[in-house]
Amino acid sequence: MAGIISKTELRKDKKGNDYATFTIDDYDGSMEFRVFNSDYKRLQNYLQKPGDIVMLQLRGKTNYRNPKETETEILDIFLLADAQIKLTKSVTLSLIIDDLKPGDTEAIQKIIRKYQGKIRMKIEMETTDESLKGITMSSNKYTVSASNELYKELCELGNMKVRLN
């Protein structure tokens, strides 16, 4: 779920522990959440700035007090601007071997080195010869940072497709 934090209230329970209620608005409406104890401590930095556009990773779980009811658990919250970096598991380059020009592999390596990070690189190689199958390889040597700049520079080479997975 993604939306804007429209309202936040920081409170204390009967025992003096901090907790928060906050509202997320999106195009379909709004939803109110409450976070207590360790969840509050883990998420409090995001809850102090109403107006931030955030993404929540949620999971439904059975209410421990009433097993017939379901409640929503917040697994993670982060700024929507950080979603691309946080959610990308790998970057895949799809190359058609027949279209590669001299110097393309060196250009690809230069770009990959420039944007080193922790995300796995995959390369799919295909050929225009339909009798041959393409192959996909994962690099053990190169990992990248999923950024708009990496995507743009690889796409500018012109003879490959780039996917964020």
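How many bridges join strand 4 to strand 5, and in which direction do the two strands run? Nine bridges join them, and they run antiparallel. Hello everyone, let me take you through this one.

A word on the ground rules before the details. This is a predicted model, where local features need pLDDT of at least 70, side-chain atom pairs count only at pLDDT 80 or more, and totals for chains, interfaces and linings use all residues. Residues are numbered from 1 along each chain as its sequence is written, and side-chain values use heavy atoms, with hydrogens and water left out.

On confidence: pLDDT is the predictor's confidence in each residue, from 0 to 100. The protein has a mean of 89, with 100% of its residues at 70 or more.

When I say helix or strand, I mean DSSP runs numbered from the N terminus: H or I of at least four residues for helices, E of at least two for strands. Two strands pair if DSSP finds at least two bridges between them. Five strands form an open sheet in the order 3-2-1-4-5, with antiparallel pairing. Strand 3 (29-36) and strand 5 are the edges, each pairing on one side only. Neighbouring strands here are turned by 35° against each other on average, direction ignored. Helix 1 (residues 37-47) packs on the sheet and touches strand 1 (2-12), strand 2, strand 3 and strand 5. Its direction makes about 40° with that of strand 5. Contact means heavy atoms within 4.5 Å; axes are lines fitted to C-alpha atoms, for helices over the stretch in contact, and angles run from 0 to 180 degrees between N-to-C directions.

Let's zoom in on strand 5. Glu73 in this strand stands opposite Arg59. There are also salt bridges to look at, meaning a side-chain nitrogen of Lys or Arg within 4 Å of a carboxyl oxygen of Asp or Glu. The structure holds ten of them. In one, Lys61 and Glu71 meet at 4.0 Å, N to O. That pair links distant parts of the chain, with Lys61 in strand 4 (residues 53-62) and Glu71 in strand 5 (residues 70-79), ten residues apart.

Another one joins Asp76 and Lys86, whose closest N and O atoms are 3.1 Å apart. Is Asp76 buried or exposed? Asp76 is buried, at 18% relative accessible area, whereas Lys86 is partly exposed at 42%. For the cut-offs, buried is under 20%, exposed over 50%, and partly exposed in between, with a 1.4 Å probe and protein chains only.

Which residues do shared partners join into one salt-bridge network? They are Lys7, Glu9 and Arg11. Within it, the side chains of Arg11 and Glu9 meet at 2.3 Å, N to O.

Last stop, helix 3. Gln109 is found in this helix (residues 104-114) and is partly exposed at 31%. The side chains of Gln109 and Tyr142 are joined by a polar contact of 3.4 Å. A polar contact is a pair of N or O atoms within 3.5 Å; within protein, one must be able to donate a hydrogen and the other to accept it, and residues adjacent in sequence count only if both atoms are side-chain atoms.
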